[in-house]
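Visitor: Please walk me through this model, one short exchange at a time.

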Amino acid sequence: MLNFSTPIENIPKIGPVYAKRFKTLKIKTLGDLIFYFPKYYQDYSNIKNIADVKINEEICVKGRVIEIEEEKSWKKKLLITKAIVQDETAAIQVVWFNQPYIAKNVKKDDEIIVVGKTTISRNYLYISSTSFEKITEKENIHLGKVSAVYAETKGVTSRWIRYILNSIIDPIVSRLPETLPEEVIRKHDLLPLKEALYQIHFPSSLEIAEKAQMRFCFENVFMITLFSVKKKIENENETASQVPINNPVMERFLDDAPFQLTNDQKKAGWQVLKDMNRKYPMNRLLQGDVGSGKTVVSVMAAINTVKNKFQVVLMAPTEILAKQHFKTFFEMLKGYNINIGLLTGKEDKYYSKKLKSDTIEISRSKLLEKTEDGEIDILIGTHALIMPEKGKDKVQFDNLGLVIVDEQHRFGVKQRASLCKRQKDKIPHLLSMTATPIPRSLALTIWGDLDLSTIIEMPKGRKKIITEIVTELERQKTYNFIKKEVEKKRQVFVICPRIEANEKENYAAIEMKNVKEEYDNLSTKIFPELKINMLHGKMTPKEKEKIMKDFKSKKFDILVSTSVIEVGIDIPNASVMVIEGADRFGLSQLHQFRGRVGRGEHQSYCFLFTDSNSKKTGQRLQAMRKYDSGFKLSEMDLKIRGPGDFFGIKQWGLPDFAMNALKDPKMIEAIKKTADEIIEQDPLLNKYPNLKKRLEVFSEKIHLE
Ligand code: ADP
Ligand code: MG
């Protein structure tokens with residue numbers, strides 16, 4: 001008997017050849033096939049008499065091919081396929097462009113259904129066809145209806161997929177148990193599983209197709225939400241070392257700090273301290289734009305942890321950032337009798353309370369020894385903390401209480417987890433930080449297991465970065481301006497969408513500015529007298545770090561780079577950010593780039609170069625001029641481009657239509673509420689065995705990622 005795990009080649013009518021083709025679509029089992037959802041639908045339901053066809057109409061006609069031929073237009077190198085199609089009322093010409101397979105498949109006397117737009121040329125009315133269906137006796141069951149269109153591959157057409165599905169779907173689907181609880185289906189007015197599965201492939205109308213999609217979209221988002229709600233509850237059942245708040249020390253720290261903390265900083269700091277004063281591990285994410293002052297919040301948490309005799313570890317994605325943190329920490333904590341270590345794999349340092357004034361070099365083995373016996377209170381480092389080079393020892397702590405991860409999206413789930421390993425019977429508290437804000441609705445789902453703190457308010461006295469949209473006509477003027485900035489000893493970033501031109505790609509891609517050519521162009525033609533360097537993702541991490549270091553120490557004026565410079569490196573002297581092909585980037589990403597400048601005392605500028613004159617692009621780039629909040633921009637990004645660009649989204653493997661639903665905050669909140677209610681009543685989901693099973697399968701898939 002056929003079931004979900006039946007290999008695709010064992011399905012009747014699918015031989016080894018088709019099985020192989022299906023596998024290129026990642027369809028290996030019957031279950032994969034049933035859950036291979038259409039990309040969109042083609043409406044063949046409204047068939048018109050050819051005699052009634054008018055000009056400039058989107059229409060669908062059905063008739064017999066009485067003539068078909070191909071011709072090449074030599075000027076445009078265009079292949080044109082022309083057919084005359086006739087029904088009981090009249091005949092009309094149908095035209096396809098550059099689709100050589102049509103003449104191979106459609107022959108004289110075939111019955112076809114054609115969808116397209118009617119156009120007139122030289123007084124001659126024809127249909128420019130966007131899609132068509134051949135009617136064969138055995139499968140006209142699905143024609144004259146709304147037809148599912150799937151992502152196809154060579155030798156597997158949507159027609160074929162429908163044909164196979166039609167022959168197996170009924171018995172399989174009828175045996176399928178419902179996964180969603182009855183009351184959830186009722187409350188959210190969803191299609192039951194069986195009906196949804198049938199309708200998503202063979203819809204009786206476009207409306208019902210959408211309803212079927214909605215059901216699966218709901219189910220996907222619901223699973224993600226349940227998964228994170230469950231993870232959150234599991235975390236609450238873990239034990240951590242409770243870290244009470246040492247009020248006198250915190251007060252002194254706030255008094256001593258070189259600046260007055262903003263309200264958002266104080267609030268975030270307080271939330272962190274409160275979380276840690278509990279018997280289960282903190283799992284908090286601190287979001288705040290570049291420069292919003294997240295570090296001081298982590299210092300607050302660190303000092304309170306150390307004063308309670310626990311150790312702290314901070315992991316940063318690059319050596320430069322780790323060193324920056326080391327410096328900040330030891331400057332801020334000088335008078336507090338605390339030992340701080342720096343471990344980067346290259347340079348290992350140590351700040352000892354006995355020295356009080358400066359840092360000393362220390363060997364890695366000494367540093368590890370001091371960490372293991374608890375002498376180091378705060379250890380700051382890079383990936384070297386979790387992935388020691390070959391032959392070197394792993395970091396061991398004596399009594400780790402708090403893990404801080406900076407730019408958390410730069411580390412994988414596993415990497416973070418390996419720092420948060422259970423010690424004796426306890427799990428350390430975790431504070432993650434990110435400058436890549438994510439809209440609240442998305443955070444509720446994909447990061448539902450985290451508590452969020454947000455810094456919106458920027459420290460006082462920050463100068464707003466002046467952002468301009470630059471067209472080709474103003475390019476030279478902008479270069480003149482840049483030259484003046486460099487004469488004032490400022491430095492400049494130039495971001496290009498690509499590393500190098502690739503001949504195989506289409507025209508638009510070749511037109512895109514690429515780092516290598518732009519580097520040549522700027523250094524030989526535009527600014528021959530300036531010192532210019534480049535940076536891109538094909539370089540090794542070591543090469544990249546070296547270039548960033550040289551830039552920081554002002555060894556050159558202009559850095560031409562791909563988007564690899566995204567991570568938070570402080571180059572206060574840089575005052576100009578040029579972004580080529582700005583229309584190619586999402587708003588959040590543009591905002592990240594812009595955050596590279598304006599970090600010092602100089603007025604800074606961001607120039608968005610674009611040759612696109614589409615209205616949508618214009619609106620998007622105008623938003624960059626108008627807003628300087630990463631949150632505002634990320635919300636707009638979500639609305640315009642959907643969630644695909646946000647970190648952490650890909651791992652959930654959502655179908656496109658479900659991705660699209662993540663744009664809708666109201667729906668997300670409703671789903672979240674339902675998930676919360678269900679778990680609250682029945683944390684182990686014992687009342688819902690099917691749901692429980694489905695969630696287990698889902699979790700397993702996520703863990704394997
Ligand atoms: P990020 O959130 O990007 O990590 P940082 O913590 O590095 O930001 O802070 C950026 C700069 O702002 C640092 O030089 C820091 O000393 C300064 N800063 C942070 N908070 C304040 C504040 N409340 N008032 C003035 N300056 C501040
Ligand atoms: Mg930072």
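Visitor: In E6, which residue is the bridge partner of Thr118?
Guide: This is a predicted model, in which local features need pLDDT of at least 70, side-chain atom pairs count only at pLDDT 80 or more, and totals for chains, interfaces and linings use all residues; side-chain values use heavy atoms, without hydrogens and water. Residues are numbered from 1 along each chain as its sequence is written, while chains are lettered from A and ligands numbered from 1 in the order in which they are written. Strands (E, at least two residues) and helices (H or I, at least four) are DSSP runs numbered from the N terminus. In E6, Thr118 has as its bridge partner Ile127.

Visitor: How many bridges join E5 to E6?
Guide: Two strands pair if DSSP finds at least two bridges between them. E5 and strand E6 (residues 124-135) run antiparallel. Their hairpin has two residues between the strands, and Arg122 takes a positive phi near 45 degrees there. The bridges joining E5 to E6 number eleven.

Visitor: In what order do the five strands close into a barrel?
Guide: Strand E3 (residues 78-86) and strand E4 (residues 91-97) run antiparallel, joined by seven bridges. Ile84 stands opposite Gln93 in E4. Pairing in the barrel is mixed, and the five strands close in the order E2-E3-E4-E6-E5.

Visitor: By how many degrees are neighbouring strands of this sheet turned against each other on average?
Guide: Axes are lines fitted to C-alpha atoms, for helices over the stretch in contact, and angles run from 0 to 180 degrees between N-to-C directions. For this sheet, direction is ignored.

Visitor: Which are the edge strands of the open sheet?
Guide: Six strands form this open sheet, with parallel pairing, in the order E17-E22-E21-E18-E20-E19. The twist averages 20 degrees from one strand to the next. Each edge strand pairs on one side only; the two are strand E17 (466-470) and strand E19 (532-535).

Visitor: Which residue in E22 is the bridge partner of Val470?
Guide: E17 pairs with strand E22 (residues 605-609) in the parallel sense, over five bridges. In E22, the partner of Val470 is Phe609.

Visitor: At about what angle does helix H17 run to E19?
Guide: Contact here means heavy atoms within 4.5 Å. Helix H17 (residues 515-526) lies across strand E18 (491-495), E19 and strand E20 (558-561). Helix H18 (residues 541-552) touches E18, E19 and E20 too, its direction making about 145 degrees with that of E19. For H17 the angle to E19 is about 175 degrees.

Visitor: Which side chain has an N or O atom 2.6 Å from an oxygen atom of ligand 1?
Guide: Ligand 1 is surrounded by 15 residues (a heavy atom within 4 Å). A polar contact is a pair of N or O atoms within 3.5 Å. A nitrogen atom of ligand 1 is 2.9 Å from an N or O atom in the side chain of Gln265. The side chain at 2.6 Å from a ligand 1 oxygen belongs to Thr295.

Notes. A polar contact is a pair of N or O atoms within 3.5 Å; within protein, one must be able to donate a hydrogen and the other to accept it, and residues adjacent in sequence count only if both atoms are side-chain atoms.
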